[in-house]
Each structure stands twice: as C-alpha cells, then as structure tokens.
Number of protein chains: 2
Amino acid sequence: MSQRALPAKILTYESINPHVKRVEYAVRGELAIRAEKLKDELSKGNSHNYNFDTVVNCNIGNPQQLKQKPITFFRQVASLMEYPDLLLPENRTQVEALYPIDAIERAQKLLEQIGSVGAYSHSQGIPYIRNHVAKFIEERDGYPANPNDIFLTQGASAGVQNILQLIITHSNVGIMIPIPQYPLYTATLALYDAQPVPYYLNEEEDWGLDISQLTSSLSAGRSKGLDTRALVIINPGNPTGQCLTEQNMREIINFCHNERIILLADEVYQTNIYQPAERPFHSFKKVLRSMGRKYEQFELFSFHSVSKGMIGECGRRGGYYECTNIDSRVVEELYKIASVSLCPNVQGQIMVDLMVQPPKRSDESYTLYQKEVDEIYMSLRRRSTKLSECFNQLEGVTCNSAQGSMYLFPRIRLPQKAIEAAHQAGKQPDEFYCLAMLDATGVCVVPGSGFGQKNGTLHFRSTFLPPEELFDGFCTRLQRFHNEFLERYHD
Amino acid sequence: MSQRALPAKILTYESINPHVKRVEYAVRGELAIRAEKLKDELSKGNSHNYNFDTVVNCNIGNPQQLKQKPITFFRQVASLMEYPDLLLPENRTQVEALYPIDAIERAQKLLEQIGSVGAYSHSQGIPYIRNHVAKFIEERDGYPANPNDIFLTQGASAGVQNILQLIITHSNVGIMIPIPQYPLYTATLALYDAQPVPYYLNEEEDWGLDISQLTSSLSAGRSKGLDTRALVIINPGNPTGQCLTEQNMREIINFCHNERIILLADEVYQTNIYQPAERPFHSFKKVLRSMGRKYEQFELFSFHSVSKGMIGECGRRGGYYECTNIDSRVVEELYKIASVSLCPNVQGQIMVDLMVQPPKRSDESYTLYQKEVDEIYMSLRRRSTKLSECFNQLEGVTCNSAQGSMYLFPRIRLPQKAIEAAHQAGKQPDEFYCLAMLDATGVCVVPGSGFGQKNGTLHFRSTFLPPEELFDGFCTRLQRFHNEFLERYHD
C-alpha cells in the first residue's frame, strides 16, 4: 500500500444509506466481536493471560454451537438427500447398516417430489412441504390451514423482514413492538425507515403484557402523528421468556381488531415451554379462530422456524410464515418478492418438512427421536432453573424464571461509581458490566440496552444453552466476578 | 366462508408499499405460473388436451431441475457433513465402501472447523472458508485477496441486494444497468426506490458493449438530474451471453474511474465460457490490478455463486462477493447488515468451499470430478450451438451464438396481425408469442420485455439446459409452432 495521499473514496461512511447506519444489532455487536477476538487468543495458546480457557457464547440462541446434538433422524434424511446414489440398489446393504429404513423411505419420497436439493424450488416453497406445514398447523390448532397461504423462508427473520417491508409505506408508519424486544425488529424498522411504537412488558408480573400498556403506547404513537399499522408480539418472549395466557391473547386480538392493527406473531419458541401445565403455548391463529365470526377477517401473520425448539438447526436457515385473512392480491405481491430471491435454500425447506412431520409411533426411528427430544427438553428446563437461581444469588440481581424460549433477562443494580466509570469509558452501564464479565469469565452475554429496557433499569440477556456440566464452574466464576465488580466500584 | 359483506381489509393492494408493487420479475412471472399449471394438468393425466407430455422449463437457469447430475464429490462431502456419525470408527468399513477417502477427509476437516452445519456461523461467513475463497481469487487472478473483504452470501442475488441497498440513499440515485439485463437489477432498484440508467448492448456486435453507449447513457441520466453512483456489468452476460474482451474491460474501468462511479461486476457465469480461445473470461479484479497505480483505489464489488458454472447447485443458495478498495467503515456496515440475517446457510457456505477447492490431481476423486465437469461443459457447449442453429432456422428469427453463460436471446419478428392480436389480448407481443409457444409446445421461455430490449425489437430468453436427447424433438415442435403462428397471423 503506497504511502502518498490517496484519492477520496466514492463510497464512505458519510455517503452510504443513512438507514443502514441507523441499524443496531447488539446480539452480534461489540461483545460478540470481542468474544471472537478472545477465542482467537485462546486458540493461539495465550490462555495464561486470562482466568478462563474457553469463551462461552451465551449471547445468541445457537444450541449446536454449544454442543447440542442434532436430531439424528433429521440429519439422516438430509444426508441421504445430499447423495442420492446411496439409494441405488447396489448400495442398499451398506446403507441399511448405516441408516434406518424410515429415514431411507422419507428421503426417497422427498426426492421423488423435489428432484434434487440442488435445484431452485417454487419461490414460495415446495408445494409438497407446504401441504405438510398446513397439516401440522391444523393438527396443532384444530382449525384449517391453506398451503397457498404458507411461505417457506430462510429462517423466520427473512419472513419478518418481507412482511415489514410490505407494510411500511412511509417514514411515519408506526409498528408496535415490545420492550424489551428482539433487535431484529428495531433493526428492520431502521432499515425500512419506519418508527417503533414501544409497549413495555411488566417485569414485576413475569414480563406479562397488560392491555393498558398497549392502549397508552398506541395513543403515544398517534399523538406523535404516527400511522400505526401493525403490532409485533414475540410469544414465548425473547429476551424475556414469558408465555402468554389464552385470555391475554384474546385481549390482544380484540385490541388490534378495534384499532384496525395487523398482528405479527413471532412464535419461533412455541415448543420451548417450561411450565406446560400453568403456561402452555397457544398459537394466535388458534385463539383467533376460537373467537368467532366477529374476528373471522382479522389479519394475522405467524412465524415459525427450525432454528429453535429442540431442533436448533440455526445454520440451516429454514422457517415459514402463515398468512391468515390476508388479501389474495397482497399474497400475490409477497410471492413476487419471494421470487426475486428465487427460493429459500432447499435443505432448509426439508428441515421444515421434518419438523412438521417427525417420526410416528409406528416408525423405526420414533423411540430414538422421542428420547433425543425429551432429553434436550428436560435438560433445557433444568438449565433454565439452575441459571435463574445462579443469577438470583448475585447481590442486587433479580431474575424471573423462564416460562419459555431460551433466555433469561436478569435485572442488575450497579453502584453509582460503576455507572460513572461506564460513562467515562463511553459505554452504557450494562454494556460496561457485560464487557467486564466477558474479560473476567469468558462468558459472553448481551447488554439489556441492546433489547431496550425501562429507563433507569439495567439488564443483560443470557441463553441457558451451555452444556450442563459447565454450569457449576460457570456460576462460581460469575459469582466471583460479580462480587469483585461490586467491590471495585462500591460507593 | 360466509356470504355476507366482509369488513374491508387493513392490508390491501392499495395500502401496501408502492415500491413492492413496482417490482417486476418476469423470470418467475405469468409464463412460469402458467407452466406450473400445465405441469399440474399433465400430472393429472390430462395430456390428451395438449400436443406434448412434458413441460420444459427454459425460463430459468436451473440445471438440476433439468436433470443435470450434481458433482459427486461435492455431494459426498455434504452428505457426510449432515450425518457426522458416519465418521465414527465403528462405521468406517461401510462408509469407506460408499465414500472415497478424500471426501471423508474433507468432511472431517470442515467439521473440525465448523462444528456443526446446524449452528449459526460468523455472519460474514466461516473464516476458514473465506480464506479458501481468497486463495482461489489469488490463483485465478494472480493478485492478492483479503478474506476480510469477502462476504459469503445466500447466492449472488442476496449480495447484490445488500450492496445496492447500501449505495442507494435517495430516489434520485441512478444505477447504470445493461439492457437487456437480468431482472434482479430492475427489481431491486424498484424495491429500494432508485432509478435505472440503462445502457444498451449492441446485438449486431454479438451483444458487445461500446463505451460511447456508457457516455451517452450517463449524460442522459445526469440530464434527468440523477446522481449516478454505480454501474452494473454482467459478464458473461445474462440474458445475452456475451463475454467481454480485456481491452473492453479496461475501457469500462477507465470510464467509471473518470466519472467516479463504483463498479458492480456480476461474474456468476465465469466458468460458462464456450469460446475459450477467442473469448476467455477475465475478472474485473484482475484487469483492474493490471492497470497500475492510477486505478489502485478504484472501488469494485465482484459477485460469484455456486448456482451456475458446471456446479449448478441453485437450490443451495450459496455465493460470495469480494469488496475491492472499499472503505473499512463501509465494510463494517456491510457486516452489521449481514449480522441482522445472522448468517448464510452453512451448507451453502460449504458448497462455496468445494467450488473454490475442488479435488486436486493427486486426490482419489480427481478423475471422476474432472470427467463430470468436462462432460457437463462439452454438453452445454454442444447444446448452445444446437439451439442457436435451431432458432436461426426459424423464419424471421436471428440469434447470436453464446460466448458464455447459459442463455440465448434470439430476436423475433412478428407479423403486424400478431402484434395487434397481442394488444387486443392486453399482452406485449413477445409475451403473446411466448404464451402461444408454451401452449403449443410445452416449452417455457421468458419474453424479451422482461429483460428490456431496444424499442421496436422483440426477443425471448431461453436457456440451453434441457437434456441433450430432448433437443431434436424440441426443435421440431418449435419449428412447427413457429410456422403455424406465422401462418395464423400472416399479413
């Protein structure tokens, strides 16, 4: 690189799309980048500089990165789909020694329908798989679903972005989002230049949603002259882990119906339910259908994904959304937009098929499938309790238990000196605390400021996904760090 | 569904994002939808209504849909990655009977680096794979490449959309695009509300690009008050199949440099080269580097994909783009945007790794790999000639031969009566002709109006991907249809 003065760039931070610049995405932000650097350091054998020898990523719901084993049957089918020669008669003996018969038959059936995982599919998703998704929804809810209203997507995020892009017509459009929220929503609103209309979840009530909050939030938005068109609900909650009651959901639908607001239901954690008796999952589609004729035209988009649940196939980028009561000409426009990206990756679509059609009781793989799902589920439940207890033992920290999802969102209370030190370092106090935690323990979490939080409160989000055997060491290190931190900054 | 009047929808064609409505995407448009319907009909055994028993999709570059076999080695590695238990010692005997040793070793190495294909990766793409991409570019061009300037993407389209989104700051931004063009570009400009600044390729000169066209196009844009920021080149061309000379590329770079315009080089067909002696492929990166210090800060984005070439893994959604001389703060913003979508699907990233690191001479799989690539290549070349000859035999049709890519773009001349009939049917004349072709022959092509064409000219785009054995029957049917069509509408 030459040393002389270089001509000015055409593309500079000043000259690019300002909406792109406004995007914030804490889950992959400074802490995650710092964690990557630490990993590099450790891999180079420089662990003597640190009190830990591994970095634990609690910043993102990425189960298989933290050694969660994939569901065997799902991967067996995917493996056969990749290499169809395995299904040739001459390979049968070896293949049957390696793969159960139901995996072989499922792969054969899928290949007949799809042809090749290397071919572009229908832009909306393979019709055969959309039929299975519709069947899955019907069985889950007890109400009909139409395959033509279902779009397979590259994970739920891509679907959410398509729908918001469709709804947002000008920079005065308001979209109601929960606070705390998953930053995909504020990031997408920034990118498409719409305004978040925040409603606050109630930490004292297990992060519950009270309708009065929706009313005041909506009128606050309207008093700002915002054209509020849609309400986003994340249920079970991310980062807050609450699971809504059916009664509460009816109130929400009624609120949206009266205010003529479209509902976007992010239901990717629908199987991550840890208090199934008290807080079972209900889909908004089902609750809507149970509310009768008055609501039969209510417009709803529901999102689901293969990345969460007990499946955790995040790297696959598979998911779907269902349009309920959406005008057919609008659905046509969604199809057109989908077709510009040609199609969602086919292995992601196949994983959706496996999610909605897992092995049945009569199938050879059923026992193993059920065992794997149950073990992951029980372990997640144990870990959620263990971690919330660990957090609640920390001085000045309070943490609701997780009714669902993969996250805890403990509230921290920091001494004034720490808050001042943070501001001197040009950081948010919670960010400052999380960076100190990372450097002291190797545990990477996300500051509450990345999700939004009530003024004057501080939190962080942590997944409870690390392997169970790590938990005790992990909690001890956290304990020690927290006390030293309070020590260092006590008033 | 009840019969009484329904309450008005909130989300209607009138109330959605007008930029979404402005998007047009002919490759998956009315003809493709009609073709799907015909397939349904035929699959229901209603072939007696038609003069054909299969629908041939020449509307989209989707090789494996048309029975092109995937590269065996690539799929073997992908298959092992899906089901890591295959790599356990106890399975070794069966697995070695089914997979060559180099596929097993490659999968092992990738798994060590990646962990699981089910985990989110680095948002920019797996560093290990980006290193291989950089190495590939260095070997292709003879100039250094930096892994940190490379972004793995869900196919090239996703990358193109990210870059255009970054560059477009207001609705007066102009982006120079070729006419005819691949509709991804006009679709994305419509979606992000920027203005196409068209420059015309010269059909008489094998769809060559003359610089005078760029100059006049740019001044036309500027006279409209457009802030023209970037120039898109598709090389080899889609839909036009031309391959630029090195001299021509230097002139283009010089033009952009003088006019302070960023270059976007869509090079996804870089290995689809059918006149290698006269028209070899040169990357813009290489030509730029060969031009010396004056151009050493020239800003370039280059796109590549696993969907084309001899690989044809469209359904995988894998690709990458390279940033050349892009300001580091701008690259950071691209990383942030990538992180909102979490990561490109991991199997797509693995396919990129395989594309840039195919088997070497010394590897067990080399012979088969080379044989498969050569056969696909030779066959594509034969088919391109066969089809252009077929088109040139049709009365009033002229077709340039393909120097590269997967498409022919013949010009058709229709009798006045046909043009009137088209307008009465509310169709473009070329669309009218293509719909008639589909109904008469089952062959689905895309009207030239979907790509843009000089006023007063008519074309269609056809891939030459159908299986070779179908070609003769295919050409005969086309011949017959064309004559009957001229017959019916002759003046």
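In this predicted model, helix 7 of chain A passes helix 12 of chain A in a right-handed crossing. The axes of these two helices, the former spanning residues 155-167, come within 11 Å and cross at roughly 125°. On the side of helix 7 of chain A, the contact is made by A:Asn162, A:Ile163, A:Gln165 and A:Leu166. Helix 12 of chain A answers with A:Val330, A:Glu333, A:Leu334 and A:Ile337.

Helix 12 of chain A also leads the eye to a sheet. This helix, made of residues 328-340, lies across strand 2, strand 7 and strand 8 (319-324) of chain A. Its direction is at about 20° to strand 2 of chain A. The sheet itself is open and has 7 strands, which follow the order 2-8-7-6-5-3-4 in chain A with mixed pairing. At its edges stand strand 2 (150-153) and strand 4 (195-200) of chain A. Each of these has a single partner strand, so one side of each is left without a neighbour in the sheet. On average, neighbouring strands of this sheet are turned by 20° against each other, direction ignored.

Within the sheet, one pairing can be followed residue by residue. Strand 6 of chain A (residues 262-266) and strand 7 of chain A (residues 300-305) are joined in the parallel sense over 4 bridges. Here A:Asp266 stands opposite A:Phe303 of strand 7 of chain A. Another helix, helix 9 of chain A (residues 211-223), lies across strand 3 (173-179), strand 4 and strand 5 (227-234) of chain A. Helix 9 of chain A runs at about 155° to strand 4 of chain A.

Helix 16 (residues 429-441) and helix 17 (residues 471-489) of chain A pack at an angle of about 125°, with their axes 10 Å apart. The two helices are therefore oblique to each other. Helix 16 of chain A passes helix 17 of chain A in a right-handed crossing. Among the residues making the contact are A:Phe432, A:Tyr433 and A:Met437 of helix 16 of chain A, and A:Phe481, A:His482 and A:Phe485 of helix 17 of chain A.

For chain A, UniProt lists residues 99-469 as "domain: Aminotransferase class I/classII large", in an unreviewed entry. Over this range the chain is 42% helix and 16% strand, and the end C-alpha atoms are 30 Å apart.

Turning to chain B, strand 14 (residues 458-463) is mostly covered, with 6 of its 6 residues buried. In a regular strand the side chains alternate between the two faces of the sheet. Both faces of strand 14 of chain B are covered: B:Leu458, B:Phe460 and B:Ser462 are buried on one side, and B:His459, B:Arg461 and B:Thr463 on the other.

Strand 14 of chain B also has several pairings. Strand 10 of chain B (residues 407-408) pairs with it in the antiparallel sense over 2 bridges, and B:Tyr407 stands opposite B:Thr463. Strand 11 of chain B (residues 411-412) runs antiparallel to strand 14 of chain B and is joined to it by 2 bridges, with B:Ile412 opposite B:Leu458. Strand 13 of chain B (residues 446-447) likewise pairs with strand 14 of chain B in the antiparallel sense over 2 bridges, and B:Pro447 has B:Phe460 as its bridge partner.

Terms used. Residues numbered from 1 in each chain as written. Chains lettered and ligands numbered in written order. Predicted model: local features only at pLDDT ≥ 70, side-chain atom pairs only at ≥ 80, totals over all residues. Heavy atoms only, no water. Pairing = 2+ DSSP bridges. Axes fitted to C-alpha atoms, helices over the stretch in contact; angles between N-to-C directions. Contact = heavy atoms within 4.5 Å. UniProt positions renumbered as here; feature names shortened; annotations may be inferred. Buried < 20%, exposed > 50% of the residue type's maximum accessible area, 1.4 Å probe, protein only. Parallel < 35°, antiparallel > 145°, perpendicular 65-115°, else oblique. Left-handed = near helix turned anticlockwise from the far one by under 90°.
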